Amino acid sequence: MATKKKTYKGKTPAAGSGYPSWSRARLAPVVLLLGRQEVFVRRALDSLKAQALASGAGDFGPPEVTEISAGEYVAGALAQYLSPSLFGGAPLVIARGLEDANAGLLDDLVTYVTGLRDGAEPQAHLILTHAGGVRGKKVLDLVKQLAAGESAQGGRSAGDSAKAGSASSAKAGSASSAKAGSASSAKAGSASSAKASGKDSSASKQPLAGIYSCDDLKKREDKEKFLASEAARLKRPIDPAAATALVDALGEEFTELVSVADQLLETAGDLDKPLDEGAVKAYLRGRVETTGFDIADAAVAGNVGDALAKLRHARAVGVEPVAIVAAVGMKLRQLLQLAAPPPAPLVVGEGLLAEVKPMPSWMANKIRPALRYWDDARLGAALQAVSKADEQVKGASRDPDYALEAMVLEICRRASAGRRQNAR
């Protein structure tokens, strides 16, 4: 029976929440930072650099730090960068953006990490960052093996080898001592061997690589928790309402969110008191992010004033016309899916219906209140308005903002008519 080959579709196979967070990154011969959140990558690198400078200084100076441009790397240069200095400490080499690395860098990294896995003595620190994708997968897999303590001989760890060697030495030493008949020598030799082997075993169990997650934060509650941790780091509390206001205003731009939060925590209001919602709103002056889905929600409910206000605000903060039209079209398709009767068994049995994924219950509950304003004729007219706007914002009109407002007004008009009819 043929086995299906595993493929990776756009996600780094080594990435995931199973690895420790970037905040716990510890210096090792090889460190891999996985994830696309630049704030976390930058902070992990700062911490690792500080650790290297604190612990790796030589007799005459600090270790040399080299940063490699993954896309402009010259093949063969890695060996020179990783060579120990005569007077400094162990070099620190940082290769950022492994997902865009050229073939020369990937080949040199494979050679170096394979050597460490096979027993070469590390004389430098190498930090790699990878934001996602399948490029560099061989390097990632080798670093995973190194982090797990696997060797080229069947995956046996160095710690296991040391343990086996210690047991063998102890057995041989015991036999030799017994043969000599010196009980005290055997006891002393056994204690000495145990002490030495214990030390060697402990050292050998330290992994040669560490992998840390720098994944982006998707959920708003995770972003609010991060702001609370930022407040603790800066030794000034933040009110939950203030954290919510910051996420509402800047949640889609995480780097800006962190920058503004840190600035407010360090400068806004009375620094002896927690940062409150008033100070946040005074700084942001009412800025709240608006998405195409917010506009769609207001339009299908017939709230013309709210829909137009959100549309104009979204355009003012840079939301693209195509994204707005796509969001409104998706909302109407969801209404259609919710309103459609179940297909006839014959249609399903003959495979005449395209497969449609079932709508999650939370989404259906959110859409259902607006459904009573819509029938087939109104939904058809609304979809025509979306189709026309889609054509216009993609080049058929010189004024995409006018096309967007015309689309929203038409949808609101249809929803309002359904609302009036429903109220009779």
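These legends accompany close-up views of a predicted model.

**View 1. Helix α11 packs against helix α13.** Two packed helices are described by the angle between their axes and the distance between the axes. Here, residues 292-300 form α11 and residues 321-339 form α13. Their axes are 8 Å apart and meet at an angle of about 50°, which makes α11 oblique to α13. The crossing of α11 past α13 is right-handed. On the α11 side, look for Gly292, Phe293, Ile295, Ala296, Asp297 and Val300. Their counterparts on α13 are Ile324, Ala327, Val328, Met330, Lys331, Leu332 and Leu335. Sorted by class, this contact has ten nonpolar residues, one polar residue and two charged residues.

**View 2. A salt bridge joins arginine 43 to aspartate 262.** Side chains of opposite charge can pair when their charged atoms come close. In this pair, the closest N and O atoms are 3.4 Å apart. Is aspartate 262 buried or exposed? With a relative accessibility of 13%, aspartate 262 counts as buried, because buried means under 20%.

**View 3. Arginine 312 and glutamate 405 form a salt bridge.** The closest N and O atoms of this pair are 2.9 Å apart. Distant parts of the chain are linked here: arginine 312 belongs to helix α12 (residues 304-316) and glutamate 405 to helix α17 (residues 400-423), 93 residues apart. Glutamate 405 has a relative accessible area of 23% and is therefore partly exposed.

**View 4. Within helix α17, glutamate 410 pairs with arginine 413.** Their side chains meet in a salt bridge, at 3.1 Å from N to O. The two residues are three residues apart in α17, about one turn of the helix. Arginine 413 counts as partly exposed, at 47% relative accessibility.

**View 5. Arg43, Glu230, Arg233 and Asp262 belong to one salt-bridge network.** These four residues are joined by salt bridges that share partners. In the whole structure, there are 17 salt bridges.

**View 6. Lysine 235 has a positive phi.** The phi of this lysine is about 60°, although lysine 235 is not a glycine. Where does lysine 235 lie? You can find lysine 235 in the loop between α7 (220-233) and α8 (240-250). Its relative accessibility is 74%, so lysine 235 counts as exposed.

Technical notes:
Residues numbered from 1 in each chain as written. Predicted model: local features only at pLDDT ≥ 70, side-chain atom pairs only at ≥ 80, totals over all residues. Heavy atoms only, no water. Helix = DSSP H or I, 4+ residues; strand = E, 2+ residues; numbered from the N terminus. Buried < 20%, exposed > 50% of the residue type's maximum accessible area, 1.4 Å probe, protein only. Axes fitted to C-alpha atoms, helices over the stretch in contact; angles between N-to-C directions. Parallel < 35°, antiparallel > 145°, perpendicular 65-115°, else oblique. Left-handed = near helix turned anticlockwise from the far one by under 90°. Contact = heavy atoms within 4.5 Å. Nonpolar A, V, L, I, M, F, W, Y, C, P; charged D, E, K, R; others polar.
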